[in-house]
Amino acid sequence: MAARAIWKGQLKLGTTKIPVKLYSAVQDKTVRFHILDDKNKARVKQHMVDSDSGEEVPNEEIQKGYEVEPGKFVILTEEDLEKLAPPPSRDIEVVEFVPQDEISQQWYDRPYYLGPDDGEKEYFALVDALNKQEKEGIAHWVMRGKYYAGGLRPVDDYLLLSTFRDAKEVILADQLAKPTGAAPTQKELAMAKQLVEMLKGEFNPKDYKDEYRQRVMEFIEKKAKGHAPRLKPVKTKRQTAALDNVLAKSIAALKKEKRAA
Amino acid sequence: MPRTARKQQPATEEETGGARPFWSGTLTFGLVSVPVSLFPATRGARSSLRMLGPDGQPLSRRYYAEKSGKDLDADEVVRGFEIDKNKFVTITDEELERLEPEKTRDINLTQFVPADSIPPLYFERGYFLTPAAGSQKAYKLLAETMDKNSLAGIATFVMRGKEYLVAIFSEKGILRAETMRFPDEVRSPADVGLPKKKPATAATVKKFERLISSKSKKQFSPTKLADKQTDDLLKLVKKKEKRRGNVVRVEPEADTDNKVIDLVQVLKKSLAGKK
């Protein structure tokens, strides 16, 4: 079944406008739990209470404040917050382009597919042009009362728009310093290279499954039927040995595995 | 995000207080193990507002029983999965812990892939890894080897009641884990039902190529625009603070977790092997 578009807008590149629809490119599969009252296993409710006295504060008396220094709040009214919302717009403005591997993974937040809404020819021409030039577009737009910046990339024959995190939220390696301590020897580096080469392959997402999610769901289903298996505590193992020794052993073990296969 | 799911989400800086690592464990490749600590690579939003009472007193969210109206403490509630409408199966923290597959307790790098070969739609959140005391050499060995060969390491592991697929990247001698979505959490254009490709005319493609070339930059400079909203909010806060009419003062909270912590300083210390 085709997904529903969550928003409509238009890509703006210079004077060209391409109407597009936004679709979420992800679906969260996390196992969701409800919080229940232990006594009667009934759903619980939530309310806001005074942190000190524990007294309930009704919704209409709640206000929002920004803590400027410990214990000092500036109150922001609903009116203030409305005024702060950016003016609504349907434009996704593409301001510049960078090489596709230029943007660190750290920036990406939520991905959306853009589908053509009208003017399919221009849409697919843009995909072709981005693929040929191997570029990613930097875009900004306003959606549902919030400013966004994001990266526009071709994925096969389509466009993917990923939102970026706020610039002030991201900590980059540039801001930090290398760890201190002893450096590995040339021999160790050579062996480590050999080891990673043996484990090298193509990224194939299908190889990875959320096994834990499956185990939890299987357990829940068994428990629902009244026969939950007894679970044993998990043991953790640790080993310590000299680095070059462990590297040599790892390489030998992998070679043996390959011969056996 | 439903509140009930809080327990399952990776903690943000505010939740960990920033100063403590949010997970300590072992990174392994082959038989080599590197004990590490994980710190968030993102700071909390600067623009977050607190809920306050009519006199400005800070509020907290509490669970309560609907029938009796009585507030419930953490030890009076349990986690339940809704197996049928209003029918729940309860599950304890201990059960969840015991369901963890043994092999996924460590971050075991079973595969290395070209660092730029993972599509961005997989990435969720970044964490810096810092070496534990005595593991600096093995840490550096892995970081340098990955960096020189432009590789990312792939692993799955369980942390705080959730299994994570991660890619470990090496940048400037520092290892960073990016949590990723599992393949069944990512949609393809076909899943979404995007229309079949229509051939584009060469002239239109050329037009866009020219446009792309004319607006191309070699490097990505983070755009400030997304922060405009926060900047505007902070400006308004400053203005109102000066006018004094909208300012309330309460006893500062003793809770140390709410103190502003400079995550960059914490990371620098940890990378330098200081506590």
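The model is predicted, so local features need pLDDT of at least 70 and side-chain atom pairs count only at pLDDT 80 or more, while totals for chains, interfaces and linings use all residues. Residues are numbered from 1 along each chain as its sequence is written, and chains are lettered from A and ligands numbered from 1 in the order in which they are written.

Chain A comes first. Five helices and 11 strands turn up in chain A, with helices (H or I, at least four residues) and strands (E, at least two) taken as DSSP runs and numbered from the N terminus. Along the principal axes, the C-alpha atoms of chain A fill a box of roughly 65 × 65 × 50 Å.

As for burial, 33% of the 261 residues of chain A count as buried. A residue is buried if 20 or more other C-beta atoms lie within 10 Å of its own, exposed if 12 or fewer, and partly exposed in between, with C-beta atoms placed from the backbone. In chain A, 63% of the contacts between residues at least 6 apart in sequence join residues at least 24 apart. Here, two residues are in contact if their C-beta atoms, placed from the backbone, lie within 7 Å.

Now for chain B, which has seven helices and 14 strands. Of its 275 residues, 35% are buried, and 68% of the contacts in chain B between residues at least 6 apart in sequence join residues at least 24 apart. Eight strands of chain B make an open sheet with mixed pairing, in the order E8-E1-E2-E10-E13-E12-E11-E9; two strands pair if DSSP finds at least two bridges between them. Strand E8 (107–108) and strand E9 (111–114) of chain B each have a single partner strand and stand at the edges, so one side of each is left without a neighbour in the sheet. Within chain B, strand E11 (residues 151–159) and strand E12 (residues 162–171) run antiparallel and are joined by seven bridges, and Phe157(B) stands opposite Tyr164(B) in E12(B).

The two chains also meet. In all, 147 residues of chain A are in contact with 149 residues of chain B. On the chain A side, helix H2 (residues 120–133) gives the most, with 11 residues. That side has 76 nonpolar, 25 polar and 46 charged residues, where Ala, Val, Leu, Ile, Met, Phe, Trp, Tyr, Cys and Pro count as nonpolar, Asp, Glu, Lys and Arg as charged, and the others, Gly among them, as polar. Strand pairing crosses between the chains too: strand E5 (residues 63–69) of chain A runs antiparallel to strand E3 (residues 50–52) of chain B, with three bridges joining them. Gly65(A) stands opposite Arg50(B) in E3(B). Pro195(B) lies in the loop between helix H4 (189–192) and helix H5 (202–214) of chain B. With 14 other C-beta atoms within 10 Å, Pro195(B) is partly exposed; beyond its neighbours within four places in sequence, Pro195(B) is in contact with Gly115(A), Pro116(A) and Glu120(A).

On to the cores. A nonpolar core is a set of buried Ala, Val, Leu, Ile, Met, Phe, Trp, Tyr and Cys residues joined through C-beta atoms within 7 Å. The largest has 107 residues, and Leu142(B) and Val166(B) have the most contacts inside it. Domain 1 and domain 2 of chain A both give residues to this core, so it lies between them. A second, separate core of eight residues includes Tyr66(A), Val74(A), Leu59(B) and Val237(B).

Finally, two loop residues of chain A. Arg144(A) is in the loop between strand E9 (135–143) and strand E10 (146–155), and its phi is near 50°, a positive value in a residue other than glycine. Arg144(A) is exposed, with 9 other C-beta atoms within 10 Å. Asp156(A), in the loop between E10 and strand E11 (158–164) of chain A, has a positive phi near 55°. Asp156(A) is exposed, with 12 other C-beta atoms within 10 Å.

Notes:
Domains from an automatic or database assignment.
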